[in-house]
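Visitor: I would like to learn how to read a structural model feature by feature, starting with the backbone and moving on to the side chains. Could you take me through this one?

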Amino acid sequence: MPSVQWWIHLYRYPIIKKIARRVVLSKGADIPFNVNVGKNVEFPHNALGTVIHPFTSIEDKVKIYQNVTIGRGDIWKEYDPSNNLSFLIKEGAILCAGSKVIASKGRIVVGKNTIIAANAVLLQSTGENEIWGGIPAKKLKDR
């Protein structure tokens, strides 16, 4: 059976995009149609348990491991489009298993070649070539 990233790239074809979405959901990942996914994005372990906010852009060569969440931090409130909530995962970033990228408003950017450690909870944007970890995540060092 083809990998999750293969099915996600089929989202761009209107005839089969609904089938591709159902396959992705059946594999345990919630990655909506409007998530922009770049080239050579990897979902090791088939993105099991991964949930990605609809207003997310993922650039090329990103790795997103299992049980990663990119989403809202205020889900108990009614959605307010004026918050301009969005996420940008830049080229070469790695989101390790169980990491969370959470925001309530504005844009969070995970910088180019930045690593978010396993089970870290990122609440702010990062720079390039950094390693972040902890709850809440803090910059640990440069790569």
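Visitor: Where is the place of P136?

Guide: Keep in mind throughout that this is a predicted model. P136 is found in the loop between strand 12 (130-133) and strand 13 (138-142), and the peptide bond that joins I135 and P136 is cis, with omega at about -10 degrees. In the hairpin of strand 12 and strand 13, which has 4 residues between the strands, G134 takes a positive phi near 105 degrees.

Visitor: How many bridges join strand 12 to strand 13, and do the two run parallel or antiparallel?

Guide: There are 4 bridges between strand 12 and strand 13, and the two strands run antiparallel; one place to look is E130, whose bridge partner in strand 13 is D142. Strand 12 is also joined by 2 bridges to strand 10 (residues 115-116), and that pair runs parallel, with I115 standing opposite I131 of strand 12.

Visitor: How should I read the two faces of a strand, and which residues of strand 12 lie on each side?

Guide: The general idea is that in a regular strand the side chains alternate between the two faces of the sheet. In strand 12, E130 and W132 are on one side while I131 and G133 are on the other, and all are buried, with both faces of the strand covered.

Visitor: Which residues of helix 2 are buried, and which are exposed?

Guide: In helix 2 (residues 17-26), A20, R21, V23 and V24 are buried. Seen down the helix axis, these buried residues fall within an arc of 160 degrees, so they line one face of helix 2. On the other side of helix 2, K18, I19, R22 and S26 are exposed. Helix 1 (4-9) is included in what covers the buried residues of helix 2, and just after helix 2 the residue G28 takes a positive phi of about 95 degrees.

Visitor: What is the general idea behind a nonpolar core, and which residues touch the most other members of the largest one here?

Guide: In soluble globular proteins, nonpolar side chains tend to be buried together. The largest nonpolar core here has 35 residues, of which I31, F43 and I58 touch the most other members. The elements that give two or more residues to this core are helix 1, helix 2, strand 6 (86-89), strand 8 (100-103) and strand 9 (107-110). With residues up to four places away in sequence again not counted, the contacts of I31 are V4, I8, Y11, R21, V24, F43 and I52.

Visitor: How many aromatic pairs does the structure hold?

Guide: The structure holds 2 aromatic pairs. W6 and W7 form an edge-to-face pair, at 4.9 Å centre to centre and with 85 degrees between the planes; W6 is partly exposed at 43% relative accessibility, whereas W7 is buried, with a relative accessible area of 13%. Y11 and F33 form an edge-to-face pair as well, at 5.1 Å centre to centre and with 75 degrees between the planes. This pair links distant parts of the chain, 22 residues apart, with Y11 in the loop between helix 1 and helix 2 and F33 in the loop between helix 2 and strand 1 (36-37). Y11 is buried at a relative accessible area of 7%, while F33 is partly exposed at 32%, and K17 lies over the face of F33, 4.6 Å from the ring centre.

Visitor: Returning to the backbone, where do N40 and N67 lie, and what is phi of each?

Guide: N40 lies in the loop between strand 1 and strand 2 (51-52), and phi of N40 is near 55 degrees, a positive value in a residue other than glycine. N67 lies in the loop between strand 4 (63-64) and strand 5 (69-72), with a positive phi near 60 degrees. N40 is exposed, with a relative accessible area of 57%, whereas N67 is partly exposed, with a relative accessible area of 39%.

Definitions and conventions: Residues are numbered from 1 along each chain as its sequence is written. This is a predicted model: local features need pLDDT of at least 70, side-chain atom pairs count only at pLDDT 80 or more; totals for chains, interfaces and linings use all residues. Side-chain values use heavy atoms; hydrogens and water are left out. Buried means under 20% relative accessible area, exposed over 50%, partly exposed in between (1.4 Å probe, protein chains only). The arc is that of the directions from the helix axis to the C-beta atoms. Contact means heavy atoms within 4.5 Å. Rings of Phe, Tyr and Trp (its six-membered ring) pair if their centres lie within 6.5 Å; planes under 30 degrees apart count as stacked, over 60 as edge-to-face and the rest as tilted. A charge sits over a ring if NZ of Lys or CZ of Arg is within 6 Å of the ring centre and within 35 degrees of the ring normal. A nonpolar core is a set of buried Ala, Val, Leu, Ile, Met, Phe, Trp, Tyr and Cys residues joined through side-chain atoms within 4.5 Å. Two strands pair if DSSP finds at least two bridges between them.
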